[in-house]
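Here is a short briefing on a protein model. Look at the structure first, then work through the points below.

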Amino acid sequence: MRIRLDPWPVDMEGGQLGLQRFDGELIDIETPRWAAVPPRPIPARLQTVYVVDGKRRMESRVFIEDEGGAAGLGGFGAYVVGAVELCPHGSRPATLRDVRAGRVLAHAPGLRVDPCRLSPRDPHTGQLQYEPVVADSAEPLAPLHKLQQLMLHAEQELSHGLASAVPFSEEDEREALTALTLQDGTLRSQNLGGAVVGCVKTMQTQYLPPDRAGLLAELQPGERTPILHLRSEHGRVTRFTWYVRLCEAAFYQHPLSGVMRLEMYAPEDPDFLPPIVRTVANLSGTLLRRLASQAHKDPRAPQNLIPTAALEQAMTRAMGSADLVTRRLRAHIARELGAAS
Amino acid sequence: MTPPDHERGERLGMVLGTEDVTPVSFWFAVTPGASVGLDDLVTVQTRKPDGSPVHFYGIVDHVRTRHEGVTFDSDVADVVAGLLPAAVSYAARVQVTRVSPENFIPPQPGDEVRRARGEDLRLALSADKMKRSFPGGLLADGQVLPLNYQFVNGEQGGHINISGISGVATKTSYALFLLHAIFRSGVLDARSEGHRTRALIFNVKGEDLLFLDQPNREVAQREADTQAAKGLPAGRYELLGLPMTPFRDVQFLAPPKAGAGDVIVPDVEQRPSGVTPFVFSLREFCVRRMLPYVFPDGNASLNLGFVIGNIEEKLARLAAGDDAPYLTVEDWQPDTETLLAEDVRFDDMGQTRLQTFAQLISYLEYKLLEQNDGEGDLKWVLKQHQGTLRAFIRRLRGVQKHLQPLVRGDLPPERAQAYRPDILKAGVQTTVVDIHKLGAHAQSFVVGVLLRDLFEYKERTGRQDTVFVVLDELNKYAPRDGDSPIKDVLLDIAERGRSLGIILIGAQQTASEVERRIVSNAAIRVVGRLDLAEAERPEYRFLPQSFRSRAGILQPGTMLVSQPDVPNPVLVSYPFPAWATRRDEVAEEVGKTAEDTAKDWLGL
């Protein structure tokens, strides 16, 4: 018997390893030879890498009654997306970009809701403005889902807006890869055409068949598997995907720790691998080894990248202190009710 | 009330909200592009809820930069490698020196911080409260630090105390600079005190102060260099409003050379002319009760103190009623050996004339230990133990060599009168008394006697005509432990001198070794380079922590100055002396020929 540890802290839901079965379809799009691919240097013309992430927070759930006598559920929520802009060659300091919070009052359909403006309590603290948005249904969780949608949408816009375009035709294959976006987590369903890589930190699903999974344990730091074309069980999702190892697994950890799955958008027909995808895959080992965090600084190391951790911190700050916001909501409601009575 | 924007200092930043903001101390975030350093004077305006403004003035006593948004020290490598976004946080801490009006509310986070300039600076340094002030040096940005003269001359406070390591702290230089500023800045003219204010300076080390009246030939070049190096708009003397000239109306007093016979020449090496020797007559020694000052540790033993007091009294009586420099006694017939050895002269009618300090000691020895077959004169002995009496004589013999040239009975009366040290001589503003060549006991004797005389004179005449006394090495004259007559005089000056118009500009290496009451009575305290262990002692608690740690790295020519009007000390620099401090710094006088110079050198 051999027992080895999952490197992530136990209070993280699920740990790094899930290993659910995958029933979709995998095609060798790069090469039929299933062996480790060594990393390549980052091309000089790739000048900018963006690390994009988003965050949302429901700040208060509310019960709304409008002037017309209708009533329903809603919620004050905040979401934020942002990017870290960095040079993969280390030629300039990394900077935070567009880390801005939005605030909404998501509510059940059919209600007439005015924007809520929470005026500052002190001349030097800003005011909070919640724009009303209509949730998809009157379900209790609908406002939260609406908030999530808004966040994903904003994140998607940001990711693709920043990255170079990925051509899906053979004609303009020399489209230069000058800007690349690393998105935290799996790619969103809608492809807006940018060079966006999804960095999947966990392995909830084991996409590889047992005879191929052995390669993951053998990868050296920086090496990757060949690119595969992946189609989900129902055919709704198609992706190019590959695995890359960021660091050695310690002897007491399971052999897949230190491995990360990357994915990019793929057309449905598995007959063409855009050169830009291959370029990204080739440089991914080199790039991610530089960005990988270390266990003593980040409990989700190495998969939670250094810029991602900094971005998460900045985004949390951009949303403000949850306690203080809740208090200001309460004060606002108190004032409104006081004025009404 | 607030001046328009263009008249105010540049905007430096905003009050921080992540540290406590209090009315006495707060942090501010420095705006990118602004530069804030220690000692910068700043001002903040906040508004009360009713809209009325409150102004805070303060001094920066701490500045720091750090990465914010990162957690680990090693993150700096990731930041520099361009992987980790981080901002540099540049923040400064302000110690508030003044709140106007005196509403001690805290400023609000986000309030704007500006550099104090012009009127703001005057308010920050409380200059508006000073009716009479003189320059105490230049701040880092070339603005003048005013010192309140009313806290110097005794009106509201008095005395200046300077601490610092010898050599690098330049205590004496700063004391002289302050005197120069007091004499020449015009602060005295307001009440036309200029010609009546005097200084008495004791020169305890080298002959540095014997050229105070001579221009320094290096000063112009040195000041020009400094002006260029610091980028000041004008020379430092010009900024301070002081003339770049040496002291005026100075007299130099020095003890005579020992063993020179009848010729009295001052015991100095570098300065060939212009130094007056000074002596005390033997009669003066007795009449004016100088004996206790011969024994710096006289009060160490009760019995010895009693003997000293008794003999002092006897000598005063013996000397009363005549004014010849020597004493005459009738009851002593020294044997021939003593005669030959000490050149005793006889007067008519069997009287013996005491002309030297040695003879006086021999006479005392006779009266205490030899008369009546070794019993001594009972009225002089007063039942004291022989051992105590011997100790008394032994100590006198110990200082005989040093005092012999100073206390004389062998001069004709008119010469004795001419060589009396007169520190209040008409036409003299500054008196330098050179005691550096004297032994420790003789130094104490001279300082003690002169200060006592001055004190008694001022007790009679009152506090008009302030006299500044500059004395280094206070730890020697007024040590924390033990008692001595000179310490009593200094304590008197420290505690009562203020009301008598005697102002002590005292200096010492270590304030912790000086009598507490002397240091604590000083209204203005100055610290130069300090030993860091010394800087942590309670005597320096008037300096905030950041100043104490900085006291260890102060350069010569910079001082931390604390005055009652401004709650925080201020770092100042002061200019290179305009007077020579060595023979080779003396500027060649115009029209002086090489021959004259050579003669000067040779002392012809």
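Two residues are in contact if their C-beta atoms, placed from the backbone, lie within 7 Å. By that rule, the contact between the chains takes 20 residues from chain A and 13 residues from chain B. This is a predicted model, in which local features need pLDDT of at least 70, side-chain atom pairs count only at pLDDT 80 or more, and totals for chains, interfaces and linings use all residues. Residues are numbered from 1 along each chain as its sequence is written, while chains are lettered from A and ligands numbered from 1 in the order in which they are written.

**Where the chains touch**
- Residue classes work like this: Ala, Val, Leu, Ile, Met, Phe, Trp, Tyr, Cys and Pro count as nonpolar, Asp, Glu, Lys and Arg as charged, and the others, Gly among them, as polar.
- The side of chain B that touches chain A has seven nonpolar, five polar and one charged residue.

**Chain A**
- Chain A contains five helices and 13 strands. Both are DSSP runs numbered from the N terminus: helices are H or I with at least four residues, strands E with at least two.
- The C-alpha trace of chain A spans about 75 × 45 × 45 Å along its principal axes.
- Of the 341 residues in chain A, 39% are buried (20 or more other C-beta atoms within 10 Å of the residue's own, with C-beta atoms placed from the backbone).

**Domains of chain B**
- Chain B is assigned domain 1 (5–124), domain 2 (133–274 + 421–594) and domain 3 (280–415). These bounds come from an automatic or database domain assignment.
- The C-alpha centres of domain 1 and domain 2 of chain B lie 37 Å apart.
- Their contact takes eight residues from domain 1 of chain B and eleven from domain 2 of chain B.
- On the domain 1 side, the largest share, three residues, comes from strand 4 of chain B.

**The barrel in chain B**
- Six strands of chain B close into a barrel, in the order 1-2-5-4-3-6, with antiparallel pairing. Strands pair if DSSP finds at least two bridges between them.
- Strand 3 (residues 41–47) and strand 6 (residues 112–115) of chain B pair over three bridges. Val42(B) has Arg115(B) as its bridge partner in strand 6 of chain B.

**Two helices in chain B**
- The axes of helix 11 (residues 386–403) and helix 13 (residues 440–461) of chain B come within 8 Å and cross at roughly 75 degrees. Axes are lines fitted to C-alpha atoms, for helices over the stretch in contact, and angles run from 0 to 180 degrees between N-to-C directions.
- So helix 11 of chain B is roughly perpendicular (65 to 115 degrees) to helix 13 of chain B.

Notes. Parallel < 35°, antiparallel > 145°, perpendicular 65-115°, else oblique. Buried ≥ 20, exposed ≤ 12 C-beta atoms within 10 Å, placed from the backbone.
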